[in-house]
Amino acid sequence: MNENHARVCSSPEWAAYIQGEILPSLTDQADLGDDMLEIGPGPGAATEWLRHRVKRLTVLEVDDEAAGKLADRYAGGNVEVAVGSGAKLGYPDGSFDSVGCFTMLHHVPTVALQNKILAEAFRVLRPGGMLIGSDSLASNDLRHFHSGDTYNPIEPAPVLGRLQTLGFDKITVMVDGILKFVARKPTGPGACGAEPVPEPGAEAAA
Ligand SMILES: C[S@@+](CC[C@H](N)C(=O)[O-])C[C@H]1O[C@@H](n2cnc3c(N)ncnc32)[C@H](O)[C@@H]1O
């Protein structure tokens, strides 16, 4: 993350926004259950809210330093902090009742890698488990904000198809200043996931 993120994502204003507006509107539509995985917690604005709503919260952060700060803050509590990428989760199939990813997919450099993260989320959810997520919408301001940083915003319209292709059902995609989505891993027959959707042009390049 660049300095803009370090400043904004750890600010009380950002925490108030994500905790007051984003997360309640997602959890209104999704039962988080007891065991939740959050991918890409950063400074922990969502973590702080979520940890009061589940029995056990695992957070997986690719940045060592950010993960270390969270591990110090939550030592001895119900938050387990791990370092790694959401694209390769070291948890068995069906480990979690819910998975969340907030404001992080646009930091993932390719659509294929974003799909890999969503496919891994699907794999580690138990049947009937819920995915909740949010992300910033593309804009010139957002592009400038990401100067020197990865900037790969999600197009909202294909999100439904991307999640459906990965195997999710009961999918809701909302565009309300930002992108929000909720999806369920199906129960019963047909509950297996599909292969990640290839990035456009990937076949030609191969
Ligand atoms: C903009 S911050 C968002 C932090 C927090 N989720 C929030 O909404 O306040 C994005 C975070 O995602 C992390 N991240 C990016 N790619 C990741 C990946 N593949 N796996 C896990 N974390 C990742 C970054 O290191 C960063 O901490």
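**One residue, then the rest**

Thr165 counts as partly exposed because its relative accessibility is 39%. On this scale, buried means under 20% relative accessible area, exposed means over 50%, and partly exposed is in between, with a 1.4 Å probe and protein chains only. What you see is a predicted model, in which local features need pLDDT of at least 70, side-chain atom pairs count only at pLDDT 80 or more, and totals for chains, interfaces and linings use all residues. Residues are numbered from 1 along each chain as its sequence is written, and side-chain values use heavy atoms, with hydrogens and water left out.

Back to Thr165, which sits in helix 7, residues 159–165. Helices (H or I, at least four residues) and strands (E, at least two) are DSSP runs, numbered from the N terminus. Ala119 is 46 residues from Thr165 along the chain, and the two C-alpha atoms are 9.5 Å apart.

Now the ligand. How many residues surround the ligand? There are 23, and the closest are Trp14, Gly40, Glu61, Phe102 and Thr103. A residue is counted here if one of its heavy atoms lies within 4 Å of the molecule. By class, this shell has 12 nonpolar, eight polar and three charged residues. Nonpolar covers Ala, Val, Leu, Ile, Met, Phe, Trp, Tyr, Cys and Pro; charged covers Asp, Glu, Lys and Arg; the others, Gly among them, are polar.

Glu61 has a polar side-chain atom 2.5 Å from an oxygen atom of the ligand. In the side chain of Ser85, an N or O atom is 3.1 Å from a nitrogen atom of the ligand. At Gly86 the backbone takes part, with a polar atom 2.9 Å from a nitrogen atom of the ligand. On its own, the ligand has 600 Å² of accessible area, and the protein covers 94% of that. Such areas come from the Shrake-Rupley method with a 1.4 Å probe. The elements giving two or more residues to the shell are helix 1 (3–9), helix 2 (12–27), strand 1 (35–39) and strand 2 (56–61).

Last topic: salt bridges. A salt bridge is a side-chain nitrogen of Lys or Arg within 4 Å of a carboxyl oxygen of Asp or Glu.

In the pair Lys69 and Glu65, N and O are 3.9 Å apart. Both residues belong to helix 4 (residues 64–74), four residues apart, about one turn of the helix. Lys69 counts as exposed because its relative accessibility is 53%, and Glu65 is exposed too, at 59%.

In the pair Arg123 and Glu120, the closest N and O atoms are 2.8 Å apart. These two lie in helix 5 (residues 111–124), three residues apart, again about one turn of the helix. Arg123, at 22%, is partly exposed. Asp93 joins Glu120 and Arg123 in a network of salt bridges.

The remaining pair is Arg184 and Asp169, with N to O at 2.8 Å. Arg184 is in strand 7 (residues 179–184) and Asp169 in strand 6 (residues 169–175), so the pair ties together parts 15 residues apart in sequence. Arg184 is buried, at 19% relative accessible area, whereas Asp169 is partly exposed, at 24%.

Conventions:
A polar contact is a pair of N or O atoms within 3.5 Å; within protein, one must be able to donate a hydrogen and the other to accept it, and residues adjacent in sequence count only if both atoms are side-chain atoms.
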